[in-house]
Amino acid sequence: MTGPAAEKMWLRQWDEAIVAPPTPMHRVLVAVETILDTEGFPALGAGGSAALVTPRGGERVVGLASHAPAEDPDLDPSVAAEMLTLLVDPDFVRRGHGSRLLNATVDYLRDDGFRQIVTWVFADNHAVLGFLESAGWGEDMAERVLDMGRPIRMVRLTTDIS
């Protein structure tokens, strides 16, 4: 499904996930950044030093993370959770949003009594693999292959949060 019908379906599913998640342990976290006007001060760009305190466009969601109890058959969902999504807008990377989302995910899951988090990553997504490995995650030897017109390999990473 593509086009307006797909967009309508995705918006409905997004609204449902936010308003009525399947359980209280299914969460979506967002990273928000204030968009500033920087037109007048050459060092800052347009807007000058007033841009430091004057929002132009308000706030914008620039990243999100979602998590839930793990569903992989080899994991115990009472102690293992899955980070389903960790995304940051490419125009806003390297500003700490990914780290803050990851840390908030760990905090929520630890508070909920989970001791382990897993996530699935495309095996050739070296940026995400490197980011998670630098945060203490490691591959646990599980993998899967998605059929997306061609086989796409994914690896599972895990970290202990107990």
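P24 sits in the loop that joins α1 (3-19) to β1 (27-36); helices (H or I, at least four residues) and strands (E, at least two) are DSSP runs numbered from the N terminus. The model is predicted, so local features need pLDDT of at least 70 and side-chain atom pairs count only at pLDDT 80 or more, while totals for chains, interfaces and linings use all residues. Residues are numbered from 1 along each chain as its sequence is written, and side-chain values use heavy atoms, with hydrogens and water left out.

P24 counts as exposed because its relative accessibility is 70%, where exposed means over 50%, buried under 20% and partly exposed in between (1.4 Å probe, protein chains only). Between P24 and A68, 44 residues apart in sequence, the C-alpha to C-alpha separation is 8.9 Å.

As for confidence, the protein chain averages a pLDDT (the predictor's confidence in each residue, from 0 to 100) of 84, and 85% of the residues score at least 70. Over residues 47-55, by contrast, the pLDDT is below 50, yet this stretch has 21 contacts in the model beyond near neighbours in sequence, a contact being heavy atoms within 4.5 Å.
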